Amino acid sequence: MNDSLRTQGPATLHSAAEDTRARLAAACASLACEPRLEDARSLLVPLVEASRADRASILALDPATGHLAIVAAIGLPANLLGQETTPRPRCISEWVFRNRRGLILNGEVRDQRFEGSATADGIDSALSLPLLSQGAPVGVLNLARVSPAPAFTEAAMAELEGLVVPLADALARTQRSQGLLRTAASLARRATGSGSPLLPRGCSEPRCYELALGHRPSAVPAGDLCDRAAHPAGDQSLLVLDPPGRGGLAASTAAFLQGGFVILATPERSAAGLAARLGSELHGRLGPEHATAAWIAQLSPRGDLSYCNAGHTPPLWLPADGSDVVRLDRGGPLLGALSWAPYEEEHLRLLPGDIVLTASDGVVAGRGSADEPFGLERLAELVSSLRARPLERLVEEVIEAASAYSGRPVPIDDLTVLALRFRPEG
């Protein structure tokens, strides 16, 4: 591998190269088990020892910034780790990365294409190689020797090019893994609530209505989402979602539908029309595996409510006069289950004090110790007995009841409850 070994016989040289390959393979396997760029130094050690380099570094491309950053180093100050290189037109590492070509520089850098500090750093010979994974550059390997070590040769560079292939692949896999982990973490955060909603958790009082939203996430968030769109004349649109799956799948589905809702919701568009448009877009762009239970409603300042239930657990209408609880189940299939589906809607006229409450599948379908679901009947009895409570307290008591019924410290599905009470102005 190193130039001093070239004075030995072919068998010895082959043995040294094979030993380096074996050590690199072990380091790559270890990094695959725990993909962290901070551990990339393990990839560097076998190459440094085999090449008898005094200094070495691996620079990896940061996809977020497009700049190279030092992820592993030997013989360099510790404070350089993690630092991005300052973009410079004549930077050697950037030239190697950009041109996908190895480079040897001996002594002072006199090539007009580059700028360097070899003399100031006491470096007599430097070698830089692009790290290519499936033909694409992912980073740069830099090796340097200080006198009296021999200078790097073209033969040494050719041998190194063969050895660094698994290193480049391991680096690429680690970058992808870390990128996926960041994305998953972002989606998990996104799955725990809607992005900048007009319907925050807790109690709020938009025009003519009191709203209360309660949410208790499961261990892996299920992406339940509630949002509101306010319109200039005082009308409001409501969206309640219970997307499929957990984590990233649920979060991406909820984000897609929330974006469509914010754009498409207008006072002129009916709840059924909005459901049909959202379902068609979801099916065509993300596919039927993202089919989502939803409840969509349009509210006016006069108490007019029109709704469409797209496969969601039916909300409950609690009249203020104490009469029977009514299920609101008019609508159609899950959003996105079909490329196009007819949806129906129902129109109600709320009176002052009337409540409409919707609960997610995690509340209604949650099973107790006897393997019986909590159920709509139990929910209706509970909320009927609590209808005089402050709305925020009503929501919290429903979540507490569902949680206690399941007997689980952490629910297996998100517990989400939204309630609204009509309170006309004046």
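**Ground rules.** I worked with a predicted model, where local features need pLDDT of at least 70, side-chain atom pairs count only at pLDDT 80 or more, and totals for chains, interfaces and linings use all residues. I numbered residues from 1 along each chain as its sequence is written, and my side-chain values use heavy atoms, with hydrogens and water left out. Helices (H or I, at least four residues) and strands (E, at least two) are DSSP runs, numbered from the N terminus.

**Helices 10 and 11.** I began with helix 10 (residues 376-386) and helix 11 (residues 391-406), which pack at an angle of about 145 degrees with their axes 10 Å apart. For such values, axes are lines fitted to C-alpha atoms, for helices over the stretch in contact, and angles run from 0 to 180 degrees between N-to-C directions. Contact here means heavy atoms within 4.5 Å. On helix 10 I noted Arg378, Leu379, Leu382, Val383 and Leu386; helix 11 answers with Leu394, Glu397, Val398, Ala401 and Tyr405. I sorted these contact residues into eight nonpolar, no polar and two charged. My classes put Ala, Val, Leu, Ile, Met, Phe, Trp, Tyr, Cys and Pro under nonpolar, Asp, Glu, Lys and Arg under charged, and the others, Gly among them, under polar.

**Helices 7 and 8.** Next I looked up helix 7 (residues 247-264) and helix 8 (residues 271-285), whose axes come within 10 Å and cross at roughly 140 degrees. That makes helix 7 oblique to helix 8 (angles under 35 degrees count as roughly parallel, over 145 as roughly antiparallel, 65 to 115 as roughly perpendicular and the rest as oblique). Thr253, Phe256, Leu257, Gly260, Phe261 and Leu264 of helix 7 meet Leu274, Arg277, Leu278, Glu281, Leu282 and Arg285 of helix 8. I sorted this contact into seven nonpolar, two polar and three charged residues.

I traced an open, antiparallel sheet of six strands in the order 6-7-17-16-12-13. Two strands pair if DSSP finds at least two bridges between them. Strand 6 (202-204) and strand 13 (326-327) are at the edges with a single partner strand each, so one side of each has no neighbour in the sheet. Strand 16 (residues 355-359) and strand 17 run antiparallel and are joined by five bridges; Val356 has Leu420 of strand 17 as its bridge partner. Helix 10 lies across strand 12 (316-318), strand 13 and strand 16, at about 25 degrees to strand 12. Helix 11 lies across strand 6, strand 7 (209-216), strand 16 and strand 17, at about 25 degrees to strand 7.

**Around strand 11.** I found six of the seven residues of strand 11 (residues 304-310) buried, so this strand is largely enclosed by the rest of the structure. Buried means under 20% relative accessible area, exposed over 50%, and partly exposed in between (1.4 Å probe, protein chains only). Strand 11 pairs with strand 10 (residues 293-299) in the antiparallel sense over five bridges, and their hairpin has four residues between the strands, with Gly303 at a positive phi near 95 degrees. Strand 15 (residues 346-349) is an antiparallel partner of strand 11 over four bridges, while strand 14 (residues 331-332) pairs with strand 11 in the parallel sense over two bridges.

**Two loop residues.** Asp413 sits in the loop between helix 11 and strand 17 (415-422) and is buried at 13% relative accessibility. Leaving aside residues up to four places away in sequence, Asp413 touches Ser218, Ala222, Arg246, Asp361 and Gly362. Gly245, in the loop between strand 9 (236-242) and helix 7, is partly exposed at 32%.
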